[in-house]
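Colleague: Hi! Could you walk me through this one? I'm still new to reading structures.

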2 protein chains.
Amino acid sequence: MNDKLLQEKTDAINDCIYSYLPKADTNTELIVEACNYSVRVGGKRIRPLIMRETFALFSENGNEPPILERFMAAIEFIHTYSLIHDDLPAMDNDMYRRGQLTTHAKYGEAFGILAGDALLTFAFQTVLEGMNEISDPVQLLRASKALLVLSQKAGILGMVGGQCRDVYVEKQNISISDKKLLEYIYINKTAALLEASALIGAILAGADKEETEKIQTVMTNVGMAFQVRDDVLDVISSQEVLGKPIKSDEKNNKTTYVSLFGIEGAGKIIKEYSDEAIRILDSLEKKNNFLRELILMLVDREK
Amino acid sequence: MNDKLLQEKTDAINDCIYSYLPKADTNTELIVEACNYSVRVGGKRIRPLIMRETFALFSENGNEPPILERFMAAIEFIHTYSLIHDDLPAMDNDMYRRGQLTTHAKYGEAFGILAGDALLTFAFQTVLEGMNEISDPVQLLRASKALLVLSQKAGILGMVGGQCRDVYVEKQNISISDKKLLEYIYINKTAALLEASALIGAILAGADKEETEKIQTVMTNVGMAFQVRDDVLDVISSQEVLGKPIKSDEKNNKTTYVSLFGIEGAGKIIKEYSDEAIRILDSLEKKNNFLRELILMLVDREK
C-alpha cells in the first residue's frame, strides 16, 4: 500500500465528512458539539473509502455525483453513532476509544444516547437533502435504492441485529460451542456496514447485478477477516497501539475466534476469508488496484 | 367528537402499523419482540391520525398512495423509539408507561437502547422499501421530500434537539426564568413530530406552499397546547387515568408552564394556542371536520 496516497485519500474523506457535520445555533450548541467531537475523534474512515473506491471501480467515466459524498458522510455518521451507543455503560461501558474519552464519558450518559440518536437521524437527513436536489429520475432512483440498502444494513437485519445477538449471548452467558452464531454476529455487527459501503458505491455507479453481488460478497469476507483480526489484536497488541484497553475479551470471558480456535487457528481463518475476498475481487473484469491494496491492508491490519 | 368514528379510525391505524412491524427470524427474535412490544403497548396514534386526515384534507380525490401508510407506520416507530430512549435510566428513568413496563424495564437497558436504534432505523427502511416500488417520478419526488421532512423534524433541529435542551436544562438545574426556552423545548420535543405528520400528509397530497405552511403552523400551536396540557395533567390527574406516576414534574423540581404560571395561567395559555390553531385551520378553503374535532380533542385531552 502506498501510504502517501492512502493519507491523501483519507484527508479528502475527512474534509468531506467534516463539511457535512451538523452546524449549531444557540439552542443546539451542546448536542452539535457532542456529535462533532464523536466524529472528529477520528478513525480509519474505511467505509467512505470503500464506497468511493467501489464507485470508481464500476463507474463508466469516474464522475462522482454530488450525492456520493453525502452517502460517504452518512455511513461514517452511522458508524460513529454505533460506536457511541456501543460504549455506553449498559453496553460495553468503555471510557476510551482511539485514546480519547468516549462520548458518554465526556458529555454524560444522556448525551451519549442522544448524540447517537442525532447522528443516526442526521445520516438520513444528509442524504435526503441531497436527493431533494436531484432532477434526473434515474439518479433519484439510484439514490433511493442506495439509501434503502443503508437502512437495511444498519438495522435489525444488519448491524443492530448483530449487536443485539452479541449483547444477548453475552448477558445470557451462553458458551458459543459452534462457530455459526459467532459468524452471524460478525457478519452483521461488522461486515454489514462494509457491504453497505460497497453496495452504495456500486448502485450509484450503475453496476450490474453480478458485479453488485460479487462486491457484496467480497465485503462479507473482508468484514469477517477484519473482525477475527480484531479478536487476535485484542490478545497480541498493546493499549498504546490500539488506543483502547487490550485483553478486554478475556476479562469479559467473551467467546471469540481466538478463544475457540487459538491465535494460530484464528490466523488461518483470517487467511481463508481474505483469500476468498481477493479471489472474488480479481474475478471481476473491472479493476481498481487501490481498492485491492486497501482490502489487503484491512485484513492484515495492526490496529 | 364522534367516539365510534375515532375508534374505527384508530383501529384502522393500528392494523396498518402492526402490518409494518419488523418480522423475526431465529437470530432476531428477541429484538423484534422488544420492538413489537414497545409499539403494541399502545397510545393514541395521534401522529398517523393527523397524517392521514391532513392527506384527506388536501387530496384532490382522496385516493391514498401506498406510501402514505408506510409513512404512518414510520412516524409511529419514531415516536415509539423516542419514548423508549426517554424512559432509560440515564434519561427520565421511568419503569411504567401507559400502565405497562417500559421497554428497558422489561428487556434490560442494553435492549432498551438497541430497540430504540432498531425502530428509528426501521422507520426509514419502511418508507424506503415503499419508495423502491414507485415508478412515477412525481410521486417519488414527493415521497423523498416527505422523508426529508421526517428526518429534519425527528433530528437535531426537531425532536432530538428539544430533548437535548430539556436534558441539559434539567441536569444543569437552570431555572427557566423566561418562557422562551421552555417554548423552544416544547416546540421541538413535542410539536415537531406533529408538524411532520401534517407536513407529510400535505406533501403527499400535493398541497400548495400556503396550505403546507398553514397546516404546519396549526400543528405548532396544537403541539404547544398539547404539551402545556401535559404539565397541567401531571398536577391534576391521577396515575389510574394517565397510566404513569403523576406529580413527577414537581418531584423532579422541573420548570413547567404550571410552575411558572400556575394551573389557571397555564389553562389560559392552552386556550390561546388552541384558538390560534383553530383560527388558522378555519382560514383554509379546504375542510376536514374530523381533523378539526381531533385537534379540539387533543388540546383539551384528559389523558
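Predicted model: local features only at pLDDT ≥ 70, side-chain atom pairs only at ≥ 80, totals over all residues.

Colleague: Great. What rotation superposes chain B on chain A?

Modeller: A rotation of 180 degrees, with 0.0 Å of shift along its axis, and the RMSD is 0.0 Å. The two copies are thus related as by a two-fold rotation axis.

Colleague: And in chain B, which C-alpha is nearest the axis?

Modeller: That of Pro137(B), which lies 3.1 Å from the axis. The same surface serves both copies, too: 100% of the contact residues of chain B recur in chain A.

Colleague: Nice. New topic: how many residues does helix α10 of chain B have?

Modeller: Helix α10 of chain B has 28, running over residues 209–236. From first C-alpha to last, α10 of chain B reaches 40 Å, close to the 40 Å expected at 1.5 Å a residue.

Colleague: What caps the N-terminal end of α10(B)?

Modeller: Asp208(B) does, with a side-chain oxygen 3.2 Å from the backbone nitrogen of Glu210(B).

Colleague: Over to chain A. At what angle do the axes of α2 and α6 cross?

Modeller: Roughly 75 degrees, and the axes come within 9 Å. Angles of 65 to 115 degrees count as roughly perpendicular, and α2(A) and α6(A) are therefore roughly perpendicular to each other.

Colleague: Which residues make that contact?

Modeller: Among them are Leu30(A), Ile31(A) and Ala34(A) of α2(A), and Phe111(A) and Leu114(A) of α6(A). By class, the contact has 10 nonpolar residues, one polar and no charged.

Colleague: How far apart are the axes of α13 and α14 in chain A?

Modeller: They are 10 Å apart, and the helices pack at an angle of about 170 degrees. That makes α13(A) roughly antiparallel to α14(A).

Colleague: Who meets whom there?

Modeller: Residues of α13(A) including Ile270(A), Ser274(A) and Asp282(A) meet residues of α14(A) including Leu291(A) and Arg292(A). This contact has seven nonpolar, one polar and two charged residues.

Methods
Residues numbered from 1 in each chain as written. Chains lettered and ligands numbered in written order. Heavy atoms only, no water. Least-squares fit on C-alpha atoms with pLDDT ≥ 70 in both. Contact = heavy atoms within 4.5 Å. Helix = DSSP H or I, 4+ residues; strand = E, 2+ residues; numbered from the N terminus. Expected span 1.5 Å × (residues − 1). Polar contact = N/O pair within 3.5 Å; in protein donor to acceptor, adjacent residues only side chain to side chain. Axes fitted to C-alpha atoms, helices over the stretch in contact; angles between N-to-C directions. Parallel < 35°, antiparallel > 145°, perpendicular 65-115°, else oblique. Nonpolar A, V, L, I, M, F, W, Y, C, P; charged D, E, K, R; others polar.
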